[in-house]
Amino acid sequence: MVYNYTPKGVCSRNITLELSDDHTIKNVKFTGGCNGNTKGVSALVVGMKAEEAIARLSDIDCNGRGTSCPDQLAKALKEAINA
């Protein structure tokens, strides 16, 4: 399943992710944001179960914003597995 998510409160403008039927993350692409950081986060979560990525990435804060690109990825993964 391919899922598109519009992040809120961060520099990235879109997150596109692909999950297998068993919720394994197959691909993640951020549009916008800190290029190196978003590519790094994407590379780290590929092959991981969505539930584990959610547990690891939820509530990470960026400069007092109350969220971050990794936190927004966790939110996108939650929405995708509940869709």
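A polar contact is a pair of N or O atoms within 3.5 Å; within protein, one must be able to donate a hydrogen and the other to accept it, and residues adjacent in sequence count only if both atoms are side-chain atoms. I wrote that down before looking anything up.

**Ground rules.** I am working with a predicted model, where local features need pLDDT of at least 70 and side-chain atom pairs count only at pLDDT 80 or more, while totals for chains, interfaces and linings use all residues. Residues are numbered from 1 along each chain as its sequence is written, and side-chain values use heavy atoms, with hydrogens and water left out.

**Entry: N14.** I found N14 in strand β2, residues 12–19 (strands are DSSP runs of E, at least two residues, and helices are runs of H or I, at least four, numbered from the N terminus). Its side chain makes a polar contact of 3.5 Å with the side chain of N4, and another of 3.0 Å with the side chain of T16. Next I asked which residues N14 is in contact with, leaving aside neighbours within four places in sequence. They are N4, Y5, T6, P7, K29, F30 and T31 (contact means heavy atoms within 4.5 Å).

**Entry: D22.** I moved on to the loop between β2 and β3, where D22 lies. With a relative accessible area of 43%, D22 is partly exposed (buried is under 20%, exposed over 50%, partly exposed in between, using a 1.4 Å probe and protein chains only). The D22 side chain makes polar contacts with the side chains of T24 (2.8 Å) and K49 (2.8 Å). I also looked up D22 and A50: they are 28 residues apart in sequence and 9.0 Å apart in space, C-alpha to C-alpha.

**Entry: helix α2.** A50 took me to α2, residues 50–57, where A50, A53, I54 and L57 are buried. Why do I say that they line one face? Seen down the axis of α2, the buried residues fall within an arc of 105°, so they share one face of the helix (the arc is that of the directions from the helix axis to the C-beta atoms). On the face turned away from that buried side I found the exposed residues A55 and R56. The cover over the buried residues of α2 includes β2, β3 (25–32), α1 and α3. Just after α2, D59 takes a positive phi of about 70°.
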